[in-house]
Amino acid sequence: MNAPDPTHEPNPTHASDALTSGPLTAVTGASGALGGRVATRLARAGVPVRLLGRDPSRLPELPGADPAPPAPYGDGEAMRRALAGAHTLFLVSAHESPDRVREHTTAVDAAVAAGVERIVYVSFLGAAPDATFTFARDHWETEAHIRTTDVRYTFLRDSWYLAGLPAMTGADGVLRGPAGDGRVAAVAHEDIADAATAVLLADTDATGPSHDGQTYELTGPEAFTLAEAAEELSRAAGRTITYEPQTREEAYASRAHYGAPDWEVAGWVTSYEAIAAGEMATVSAAVPRLTGRPAKNLATYLREHPDSYRHLLTPG
């Protein structure tokens, strides 16, 4: 599947014409689907941006933006150098790993040491020490650490990505997982990026609202079951897509062939179990409140992103 690169959106502004002003915002994950979108939006708004990413060669070229040298989250000194002079840090969570909480806390401590005054952290819906979804516990620990610092902060707790629904459906047309009849209000990357940009830009407008100390739950406009998601995928793909509810044992067994470590498979399985437990059914008005427009639903997402389900199309 050759999906368009979402971090390189069309930009009518040439770098030589860019006018940037205001405090510097550092954006992590700037080569990724979320960080890249946020960096692009900030650059278009004339905000000076520093781009951080695991692979500097993949960072987008944006007006008023400068790439930072490689700075893994777990390398405190490299992060401190990369964040020197930044006023705000947009912190996209690190790739899942057994060490992710330590990596996050190291990055946060480096930001504080570098003089960063504000952190906007991308967390996860239902983040809690006893969350069913194991990776959501990492987010809660990261939030707790940020709260202990002297920096201003805002937490963006996003739901499942709408993009994940077609991605997790096999070419055989089956979406499998132990989600039962639970519901999820999945959200589009674009909506998260627009909401995050609104929060980040508010700090440059003294008359705008303050988002300090706020936690925003970023969701789609409706909560649906995975069986209903399969019906929507069927309409888009022109063939029958089904949802196959699994037991925990079946879920682990069906994913064993990937050879992933136990902690990673547990994250995959418990993400579905969080839906079954009712922890993903929240529908929030935060996206329309922050962006001024409705959040995208699954049908709209699929219509706008046909490459996301190309592997499901009927041959011919």
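Analyst: Let's start with some rings. Phe124, Phe133, Phe135 and Trp263 are linked into a cluster by ring pairs. Rings of Phe, Tyr and Trp (its six-membered ring) pair if their centres lie within 6.5 Å; planes under 30 degrees apart count as stacked, over 60 as edge-to-face and the rest as tilted.

User: Before we go on, what kind of model is this?

Analyst: It is a predicted model: local features need pLDDT of at least 70, side-chain atom pairs count only at pLDDT 80 or more, and totals for chains, interfaces and linings use all residues. Residues are numbered from 1 along each chain as its sequence is written, and side-chain values use heavy atoms, with hydrogens and water left out.

User: Back to the rings. How many aromatic pairs are there by this rule?

Analyst: The count is seven aromatic pairs. One of them joins Tyr258 and Trp268. That pair is edge-to-face, with 5.7 Å centre to centre and 80° between the planes.

User: Where do those two sit?

Analyst: Tyr258 is in the loop between α8 (248-255) and α9 (262-276), and Trp268 is in helix α9, so the pair ties together parts ten residues apart in sequence. Helices (H or I, at least four residues) and strands (E, at least two) are DSSP runs, numbered from the N terminus.

User: Is Tyr258 buried or exposed?

Analyst: Tyr258 counts as exposed, because its relative accessibility is 55%. Trp268 is partly exposed, at 27%. The cut-offs: buried means under 20% relative accessible area, exposed over 50%, partly exposed in between (1.4 Å probe, protein chains only).

User: New topic. How many helices and strands does the chain have?

Analyst: The chain has eleven helices and nine strands. Its radius of gyration is 20 Å, close to the 20 Å that the globule rule gives for 316 residues, so the chain is as compact as a globular protein of that length. That radius is taken over C-alpha atoms, and the rule is 2.2 Å times the number of residues to the power 0.38.

User: And what does the C-alpha trace span?

Analyst: About 50 × 40 × 35 Å along the principal axes. Buried residues make up 51% of the 316 residues.

User: Give me a buried one. Where is Leu165?

Analyst: Leu165 is in helix α5 (residues 164-167). Its relative accessible area is 0%, so Leu165 is buried.

User: What does Leu165 touch?

Analyst: Leaving out residues up to four places away in sequence, its contacts include Trp160, Leu175, Phe224 and Leu226. Contact means heavy atoms within 4.5 Å. Leu165 and Leu226 are 61 residues apart in sequence, yet 8.4 Å apart in space, C-alpha to C-alpha.

User: What about Glu143? Buried or exposed?

Analyst: Glu143 counts as buried, because its relative accessibility is 0%. This residue belongs to helix α4 (residues 134-147). Beyond the residues up to four places away, Glu143 touches Tyr121, Ser123, Ala127, Phe155 and Arg157.

User: Last one. Where is His87?

Analyst: His87 is in the loop between α2 (76-83) and β4 (88-92). A relative accessible area of 16% makes His87 buried. Neighbours within four places aside, its contacts include Pro23, Leu24, Arg152 and Asp203.

User: And how are His87 and Pro221 separated?

Analyst: They are 134 residues apart along the chain, and their C-alpha atoms are separated by 33 Å.
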